[in-house]
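Me: I would like to go through the strands of this model and how they are arranged. Could we begin with the terms?
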Amino acid sequence: MTEPGGLQRAARAIADRLYAGALIVASTGAGMSRESGIPTFRGAEGVWRQYRAEEVATPEALARDPAWAWEFHDHLRALVAAARPNAGHLALARLERELTPACAVRVITQNVDRLHEAAGSSGVVRLHGDILRVVCPRCGWEEGDYPVPAPAAPPHCDCGAVLRPDVVLFGERLPEDQLEEAFALAETCDVMLVVGTSVVVEPAASLPVMAREQGALVVEVNPEPTILSRAVQHSLRGTAGGVLPALVEEVLRLTQELDS
Ligand code: OAD
């Protein structure tokens with residue numbers, strides 16, 4: 001758990017950084033959606049204990065054994081399709097709702113679910129795609145809400161090619177427009193919240209480093225320490241659903257105090 005007073009100190013530091021036109025960015029990873037029933041990738045209960053990434057989540061794996069790669073993706077797709085935003089997602093959406101238009105609040109996520117959008121966050125930057133969406137690598141056909149489970153493992157396009165979920169596989173480039181926007185946000189934000197990521201997968205791992213280097217206040221929320229914890233101004237030990245509602249409540253309270 002966060003040391004006593006740690007949350008209040010972080011909230012005060014965030015409120016102190018806010019002014020008309022300030023930008024708060026939340027950079028989120030798999031831990032953000034853990035309390036919505038979607039497992040993380042690393043750690044004791046992580047997806048990569050059950051599946052080997054190189055067998056299911058690379059372009060080569062999809063070409064070599066599409067049935068197995070699709071079984072893996074459909075396992076995650078079923079969890080994502082059933083998931084609802086948790087208190088952490090709702091808290092970030094509330095922060096945006098209550099600070100707009102005085103300040104901007106943006107989310108950059110590595111997650112392939114749609115839980116930030118479902119909670120009400122707008123303009124979410126998606127670095128790793130959307131697992132419920134499916135595309136044809138040959139003819140470009142796409143379907144935003146492809147059935148869960150897929151009608152076959154693997155499913156085929158009418159053109160004959162094996163379809164793929166619209167996610168970034170290991171070794172692939174991230175969508176250029178999303179990456180550019182994420183870097184621009186990291187370079188200009190006043191505050192960055194780093195929530196539920198092990199901060200090991202690039203280029204997302206560079207975002208808090210960029211934010212810290214350009215002078216932003218960086219606040220981490222994670223039940224475990226990460227490589228980032230000692231490099232940022234505030235590292236709060238706890239879950240997204242446990243810490244974010246209290247942190248947002250306190251920031252909004254302090255902000256109202258500033259106004260009055
Ligand atoms: P990881 O699985 O690597 O890390 C999840 C982090 O969430 C860990 O640091 C946990 O301590 C933390 N965590 C666990 N439960 C939490 C909770 N309830 N609240 C807050 N934090 C919690 O996930 P990512 O860092 O997102 O890539 O992984 C990055 C990328 O690696 C993923 O996007 C995926 C994966 O391979 C692709 O699919 C391309």
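Reply: Two strands count as paired if DSSP finds at least two bridges between them. Please note that this is a predicted model.

Me: Then how many bridges join strand 2 and strand 3, and in which sense do they pair?
Reply: Strand 2 and strand 3 (residues 125-126) pair in the parallel sense, over 2 bridges. There, V125 of strand 3 is the bridge partner of I108.

Me: What about strand 1 and strand 2: how many bridges there?
Reply: Strand 1 (residues 23-28) pairs with strand 2 in the parallel sense over 6 bridges. I108 in strand 2 is the bridge partner of S27.

Me: Why is strand 2 described as largely enclosed?
Reply: Of the 6 residues of strand 2 (residues 104-109), 5 are buried, so the rest of the structure largely encloses this strand. Buried here means under 20% relative accessible area.

Me: Changing topic: in what order do the 3 strands of the open sheet run?
Reply: The order is 5-4-6, with antiparallel pairing. Strand 5 (142-143) and strand 6 (164-167) are at the edges, each with a single partner strand, so one side of each has no neighbour in the sheet.

Me: Which helix packs on that sheet?
Reply: Helix 5 (residues 66-82) does, touching strand 4 and strand 6. The direction of helix 5 makes about 120° with that of strand 4.

Me: And how many bridges are there between strand 4 and strand 5?
Reply: Strand 4 (residues 129-135) pairs with strand 5 in the antiparallel sense over 2 bridges. V134 stands opposite E143 in strand 5.

How values were computed. Residues are numbered from 1 along each chain as its sequence is written. This is a predicted model: local features need pLDDT of at least 70, side-chain atom pairs count only at pLDDT 80 or more; totals for chains, interfaces and linings use all residues. Side-chain values use heavy atoms; hydrogens and water are left out. Helices (H or I, at least four residues) and strands (E, at least two) are DSSP runs, numbered from the N terminus. Contact means heavy atoms within 4.5 Å. Axes are lines fitted to C-alpha atoms, for helices over the stretch in contact, and angles run from 0 to 180 degrees between N-to-C directions. Buried means under 20% relative accessible area, exposed over 50%, partly exposed in between (1.4 Å probe, protein chains only).
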